[in-house]
Amino acid sequence: MDLSPLLSVEDLTIEIAGADVVDRISFTVAPGRVMGLVGESGCGKSLTSYAMLGLLPPAARRSGGSVRLGGRDLTALSERELRRARGKDISIIFQEPSASLDPLTTVGAQIAAAYRTHHNVPRTEAYAKARQMLADVGIPDPDRRLHQYPFELSGGMCQRIMISIALICSPRVLVADEPTTALDVTIQAQILDLMKKLVAERGTSIVIITHDMGVVADIADDVAVMYAGRITEIAPVQALFEKPRHPYTALLLASVPKLSDAPKADLATIEGRVPTPNEFGAGCRFADRCPLATERCRVEQPPLFDCGGGHRSACWHIDRMDEIGEVAA
Amino acid sequence: MTEDLQNVLELKDVAVHFGGRAGLLRSSGVVVKAVNGVDLEIRKAETVALVGESGCGKSTLSNTIVGLQAPVSGSVKISGEEVVGANRRKLNDIRRKVQMIFQDPALSLDPRSTIGATIGEPLIVRAIARGEALKERVAELLTQVGLRPEHADRYPHQFSGGQRQRVVIARALALEPDLLICDEPVSALDVSVRAQILNLLVALQQRMGVSYLFVSHDLSVVRHICDRVVVMYLGRFVEIADRDTFFANPKHPYTRALMSAVPEADPVAQRSKQRFILQGELPSPANIPSGCAFHTRCPLATEICSKVRPELTPRPDGARVACHHA
């Protein structure tokens, strides 16, 4: 398998009102691999995903870094070139599918339109493609569904339609921003399975943005944990869950109730709250809430240290991670 | 059963239907049977989880318990007092004993009221406290939920999501209810904050003996906080069991499907576990399938399932399950 990166994000920095809300984010995704970007609200994970497609909101500005897809720098493209890349090279799906679909157009027309944006073919051929796509994403009775409007479909169905639109031109990368957060658990399981199937069959790379450690554990090959605009830890999924090397990740995992916990026992918590962008200091942004923090953490930003096996952590005190176990227990 | 073990909640054969009457708006005549023949008791200081997908009727049932929705039949008793058919005065009295907190604390708080005013309002409305006494009580409530008395003068926007949920809990506790209905109380919160609120709910129960009906879809949270679990599907209970029995030996195929659908935060366990993925989606409550309502999605379904509706029957380990094959 070719593991040279297909997508590489390098030192991506996004600024809102002078504050670096995304601060020098770097990660790579190999073909057919799933990268999970995980973090709590406000950590910059969604902005990172929008920046990858040149879809930043007006208030936000990319102030540095690049997003390379197969050697091409997407951030250097003109709007016109970007439009040609979106859908064909890189696609995105969002959390709320019903808010992303046009309520006045049949879903078939919306999928066909996505295809015709990149292929100069007659309408009938585009519809045939759309029909095939609906079958591929597991929608029963595609001939009937093709002519229905979004309001006639359930949330899970609408998300399948979104995936159809995103994948009909066979992009190499699919960015999925909280794709299952608005769905019920049984439907979430179906959508995650569908995404895994598509990766296996088409070799599409996926960048999935989520706050749910369970979703990451299910689908991701590699995980980047974000906190206050920075990647604090990045690792292959198993290594991250087995032996987190950053206090934030360790505490986050400890705060999720597990089978082995005694019922109603106190769960580990992270004291305090995420700093707002105007409170960002010079050092590690987690320092104020971190049980391991020392003076150095407050004044000097830790780089991502290599812990071996593709595991990297931005912490000055990786050697003291055992103490976190005691705090969490 | 002795007097002090009186149930804080007793539901008997509760049904809530919508539509069907040719009223002023000439409704189509379709009856949505949101809740259909439900029995449940909750004991003092007990936490019961109500689990199910959107559209299964859990919110309708919650609304019925607090008296926001009248059932078409059945009985709802709060601490022994009948809610159904009670006159306004009586209902007002009963409602003091049951309070509710919702998923999104930002939507539950008035942005133009200080949180002190918000928390104190039920005490003023019921003429329980005023002036200095009110101030003291609000300060006490704020302390109980882990906030500080001086927070009383601030507005909701000055708080984080987790703190706002603490304010909502403080307001719900102001009247010292016997039962607190928690409708997805931590779903809108970030993971690290979620644990704080769960710890708070457990501590409050130990201190005050309040009972919870905990509506949630998150089974890891349910396992952590609840004593008993009820699974609801299309308006009916399909399984009721004590927590340990429930998680050790889930019986109804729908329960098992729910359990296998919730992703565990452990890649090894998650990827090796036996999957039991349901086909299709929840049918419309306006058109509930015949027999067992779950038969259209059930991998175990046979002919009898589409004809005869299974009743909740007790099993040797104490669980009650409505299934012909489980």
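What follows is a short walk through this structure, which is a predicted model.

Start with chain A. It contains 13 helices and 12 strands. Its radius of gyration is 21 Å, close to the 20 Å that the globule rule gives for 329 residues, so chain A is as compact as a globular protein of that length. Along the principal axes, the C-alpha atoms of chain A fill a box of roughly 65 × 50 × 40 Å. Of the 329 residues in chain A, 47% are buried. If you take the contacts in chain A with a separation of 6 or more, 63% of them are between residues 24 or more positions apart.

Next, the core. The largest nonpolar core has 191 residues. The residues with the most contacts inside this core are A:Ile111 and A:Val223 from chain A, and B:Phe214 and B:Val230 from chain B. Which helix gives the most to this core? That is helix H7 of chain A, residues 155–167, with eight residues. As background, nonpolar side chains in soluble globular proteins tend to be buried together.

B:Phe214 can be looked at on its own. Leaving aside neighbours within four places in sequence, B:Phe214 is in contact with B:Thr47, B:Val48, B:Ala49 and B:Leu50, and also with B:Cys182, B:Val222, B:Ile225 and B:Cys226.

Now the contact between the chains. Chain B puts in 33 residues and chain A puts in 36 residues. On the side of chain B that touches chain A, the elements giving two or more residues are helices H7 (191–208), H8 (219–225), H10 (253–261) and H11 (267–272) of chain B. H7(B) gives the most, with eight residues. By class, that side of chain B has 16 nonpolar, nine polar and eight charged residues.

One of those helices, H10(B), has a set of buried residues: B:Pro253, B:Tyr254, B:Thr255, B:Ala257, B:Leu258 and B:Ala261. What covers them includes helix H8 (185–202) of chain A, along with strand E3 (47–51), H8, strand E9 (228–233) and strand E10 (236–242) of chain B.

Last, the domains of chain B. The assignment gives domain 1 as 3–97 + 177–321 and domain 2 as 104–176. Their C-alpha centres lie 29 Å apart. The contact takes 10 residues from domain 1 and 12 residues from domain 2. On the domain 1 side, the largest share, four residues, comes from H7(B). The residues on that side divide into eight nonpolar, one polar and one charged.

I can take questions now.

Definitions and conventions: Residues numbered from 1 in each chain as written. Chains lettered and ligands numbered in written order. Predicted model: local features only at pLDDT ≥ 70, side-chain atom pairs only at ≥ 80, totals over all residues. Core = buried A, V, L, I, M, F, W, Y, C linked by C-beta atoms within 7 Å. Buried ≥ 20, exposed ≤ 12 C-beta atoms within 10 Å, placed from the backbone. Contact = placed C-beta atoms within 7 Å. Nonpolar A, V, L, I, M, F, W, Y, C, P; charged D, E, K, R; others polar. Domains from an automatic or database assignment. Rg over C-alpha atoms; globule rule 2.2 N^0.38 Å.
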